[in-house]
Amino acid sequence: MNDRFRGNGSGGNGSQSNGDKATFTPRTRSQRVGPSGNRSSRVSRSGTPTSPWKRFFNKKWFTVVGITILLLILGGCSALYAAISSDQIDIDKIDQIDFSSTVYGADKKEVTKMGALREKITYEELSKYNKDLILAVVKTEDERFYEHNGIDFYGLGRALVKDVMCLCFKEGGSTITMQVAGNILQEDRSQTISRKLADFAGAWALESKKTKEDIIMAYLNYIPYGNNVQGVRLASKIYFGKDPATTKLEPQEIAMLVGIPNGPSIFNPYTGKTERAKKRRDWVLQKMSETAQDLPQIITEAEAKKLMETPLGADKKFLTQYKPDRSKYSAYIDAMKAEAKTYYELSAEDLENGGYKIYTGMDQKAQDAMLETINENNKLLGDKDRLMDAAATMLDAKTGLVKAISSGKQYKTGFLQYGTYPIQPGSTIKPLAVYSPIMEKDPKNFHPNTIYNDKNDKSTYSYNPNNYNKKEAGQVLLREALGRSLNLTPAHILEKNIGIKYSAEKVRELGIKLEKNDENLSPLSLGGFTKGISTKDMVQAYSVYPNMGKVKKAHFIMEIRDKAGNKVEPKVDYKMDKDGFQIDEETEKAKQVFKPQTAWWSIEMMRDVFKKDYGTGKKFDISGLDLAGKTGTTQESAEGWMVGYTSDTVLAVAVFNTRENGKSGDFEIGDEKGKIWREIMVESGIKSKDMQKPSGVQDPPAAFKINDLNLQLKQEGENVVATWNKQDPTRVQFTLERSTSKSGPWESVPTSGNKAVDPFPYQNLANDSGNIIDNLFGNGNGNAKKTYYYKLTAKDTQATTDPNDPTDNGSMSKEVIASIEVKLNSNGDEDNQKNPDCSKEENKDHPQCKDDGNGGGDEKKYSRADCTKLVITAGISGDQRRTCEKDPNKFFEENPQYKEYVYDTNQQSTLPATRRNLIA
C-alpha cells in the first residue's frame, strides 16, 4: 500500500487539523470484519439454528461464485488484452491534456475552441494547501486507489454483486485509473466490451509507467465541473473565488468540489437545483468523516454534521470574474450542439471534450454583423432593461448551411435560444401558405398579374379580416395585394380557391410544423399560429424560392471528424441529399415542393415588396442587390418580421416583446425589423448575383390595363360628337351616358367603336319655341344654350370578381365625365374656325383678326352669331334670317346696311342706345 498518507503515530481514528499530514495505523483483519465468533451465530427465522451447509450454499453463494468466475474470465481477458496492447498506448497523453474540440467556419478556418476551460495545477501546488482534497476524492471515488494496480477486481465484484442483488445497475466499478485511461488515452468512446477491455489495458499500462500522483492529478485536471469548466483549479475559482494552489479551502468547499463531477449538470449550483447540489455535498462530507480502507478521517462526524448546516457558498460573481467570455459565438455553438445531439447522438460534453474537428457553415463576418446589430446596446432595441428583443437567422441558400444566428441581445449559454424558438409569423406566412400554393394549383387563373376584388363580402366568405387600414382595396393585382400585405385577398383565396388541406400540406413540405389548430383560415392566411415559426425554420422555408421550388434543409454542421481524423457519420438521417436538398422519403430524391414556374412567379411578386412604392419593404431596399421577400406584423404589432432573400442568401429577422419578472413589453413593433434586417445584410457584405428565370419557365400573362380614355366632346351642327381613345375591342366594353347634371340621372347614348353621335341635346333645344331673346341668353323654355354632361365607362370584361368563377365578367373599369355647352343654331368649332371671334385672346393672331388701322381686320368676316345679333338689333326674321345664317359673309356683302349693327364695341357708339344695350 502506498504510504504517502501514513505517519508514525498511533490512533488512526482520531480527527486531525486541516492541512496537517494524516497519521494513522492500519487496522487488523479482526478490526475490519469483527470477531469470528459473531459470524456463525445465525439462526433461522423460526428460531431454529440453520444447517451450516444450507447457510453456506444459498443463492447468494451461487451468485457470488458465478460472478467470481466471470471476473476471472474477464480478468484473464483483460490481462491478455493488456499484454498485447499496452505497448501501443501513448501514456504520455496524460501530460498533454487538451481535448477541446475545434469549430471551423464555412471557409475551413478555425473559429473557436469549444471544449471546457481549464487551468492546470500540479501535485505539489495542490498538496501544499489542500492535500485533504486529494484524500476526499480517493475516499469518494476509489477507496482502494492506493492498493490496486489500475483494475480493482474486488471493487468490480462488489459492484456486480450489489447490482445482481437489487436487479439494477447502480454500481460502477471503474477506478480512477480506468477513468483516466478511458477519457484521456482512448480515441474510441463507444460503450462496448472492446472499449471496456481497452480501458483495462490502458489502466494497466498507466499503473506500470506512471506514479499514483501523476494519475490522480491527471484526473483532477481533466474531470468536468460544470459551466464548461474542467479541472479543480478553475472550478475552485468560479465557485468560491479561491485558487487551491495558493489558498486553503474549507471542508465544505472541498466536499462540494468533490461531489460535482459525479453529475456536473445535476450538481452544478448555478444551473442545477441547489437542493441536489447540497445533498451531494453533504454525502461527501459524511464520507470525509468516515474511516475506510485504512484511509483516515478528514473531519469528525460532529464536524460533518455541523458543516451540513452551512449554505453551499458558491457565488455567481466568481463565474463572471474568472471564466473567460466565449459568448461571441455562443448562439451558433449552442444551436450546433443541439444538432449534434439530435443527429450524431453526441452529448454536449462529449462534443466539447472529444477532440473533434467540427466543420460548420458559419460566416464569421455575418455572425459578427448580427452580434453587433442585435445586442443590448443597439439603439433599435433599446438597452437591456427594455422588454423588446430580436432573433435572426441567415442561411446559405445554395448549401442549406446556417451562416449566422442570433438568439437575442443578451444571449448566453443556458438562455432561451430565440433563434430556434417559435415566434408568431404574421404576414410572412402569406407567400408560403396562399400565393405560391394557388399559383401552383391553378396557374391559368392565378398569377402575379391576376386581378382580384379585395372586398369584404360576408355573404360569400366566412372569414373577412380587416386590412391594416380598415378599408377595402377593391380591384388589385395579386402582386399588389402581396406587396401591400392586404388581408382580405389571401383569406378569400384560401377559403374558396385553395382549401385548408392543400395549403397545410404545402406548408408542412416546407419544413414548418403545424399544430391541429393551425389548420384553419386565420393561421394559414394571416399567421396566427398556436406556437409559431422560428427564424431558422423560416429561412429554410423561404429557401424554396432561390432554389426554384426545392427546399434546402437548414443545418449547422458540414461534417465532424474525430481526434484520429476519421469522419463521424450521423446516426440519425438528416433526410437531405448530398447537396442539402430536403428529400422526398418515397423517391429519396430532392423534393420539388413548387414547380420552377411557381417559384419564379413568387419571386417576381416579392420583388415588388422592395421595389414598388406600395411595397411594405420599400424603405429597406439595398442598392445593387436583387431582393425579394415579405414583411410581417402580428395583431397589435406585438411581433414584427422581415424575411428577404437574394439568389444565394436568405435572412429572417423577428422582433418581439419579451416578459421578465411578471412584466411584459407592450411596444408596438414598427420599422425595427426592417432596419435590423438591412443593417445585417449590409454589414455582412452580401454580394449576390441577380436571380435568373429558369429555362422553360414562361413569364406570367401581362397585367391588362385600360389606357387613358381621353373623352373629347364637340358640337358639329345639330349633333354632339363624342370620341375617345381606342382600347382592346376583345376585352373592353364602353358605355356612354348623358345627363344635364354631373350627379345624374344618366341616360344611355349609343356608341360605335370609340365614337358616339348624339342629336338629342340640339333637338331638345330646337323643339322648345320660347322667346328668341330669352333663347339667346338661356332664359327661355327652348334653352338656346345648355350644358350637358357625358360619362364614359370602360369595363374589362375579363376581370375576376367572383373567386368561384375566375372567368366571370367583372367590373375592373375606368370612368371619365366631360361636359359641353350645346348651343342652338351653332356650327360649333367649325364656324369658329371660319369666322373667329376676334375679341378672344386665342384668336388675336388669326388673319381675319389682324388690325387694319380702322379697328377691324383686313376684311371683315361674319358668323351665324352676327345674324343672331341682327335678329335683336335690326329685327330681321324669316327668309332674311335664314339667308344670313346660310352664308353670313354673302348676306352682309349684299346688305351692307346691316354691318353697322355688328361693329366692334368701340364703334357701336353710332347706334341708338337701345340697340347698343341689346348688343352689349
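I count a charge as sitting over a ring if NZ of Lys or CZ of Arg is within 6 Å of the ring centre and within 35 degrees of the ring normal. With that rule I looked up lysine 552, which lies over the face of phenylalanine 581, at 3.6 Å from the ring centre. I also noted lysine 108, whose charged end sits over the ring of tyrosine 359, 6.0 Å from its centre.

On the source: I am reading a predicted model, in which local features need pLDDT of at least 70 and side-chain atom pairs count only at pLDDT 80 or more, while totals for chains, interfaces and linings use all residues. Residues are numbered from 1 along each chain as its sequence is written, and side-chain values use heavy atoms, with hydrogens and water left out.

Next, the aromatic pairs. I took rings of Phe, Tyr and Trp (its six-membered ring) as paired if their centres lie within 6.5 Å, with planes under 30 degrees apart counted as stacked, over 60 as edge-to-face and the rest as tilted. Searching the whole structure, I find 18 aromatic pairs. I call a residue buried under 20% relative accessible area, exposed over 50% and partly exposed in between (1.4 Å probe, protein chains only). Tyrosine 411, at 10% relative accessibility, is therefore buried, and phenylalanine 415, at 46%, is partly exposed. Elsewhere, I see Tyr862, Phe891, Phe892 and Tyr898 linked into a cluster by ring pairs.

I found H28 mostly covered, with seven of its ten residues buried, among them Arg864, Asp866 and Leu870. After H28 comes glycine 875, whose phi is positive, near 75 degrees.

How many disulfides are there? Taking a disulfide as a pair of cysteine sulfur atoms within 2.5 Å, I count one. It joins cysteine 867 to cysteine 884, with S to S at 1.8 Å. This pair links distant parts of the chain, since cysteine 867 lies in helix H28 and cysteine 884 in helix H29 (residues 879-886), 17 residues apart. The torsion about the S-S bond of cysteine 867 and cysteine 884 is about -85 degrees, so I record the disulfide as left-handed. Both cysteine 867 and cysteine 884 are buried.

Definitions and conventions. Helix = DSSP H or I, 4+ residues; strand = E, 2+ residues; numbered from the N terminus.
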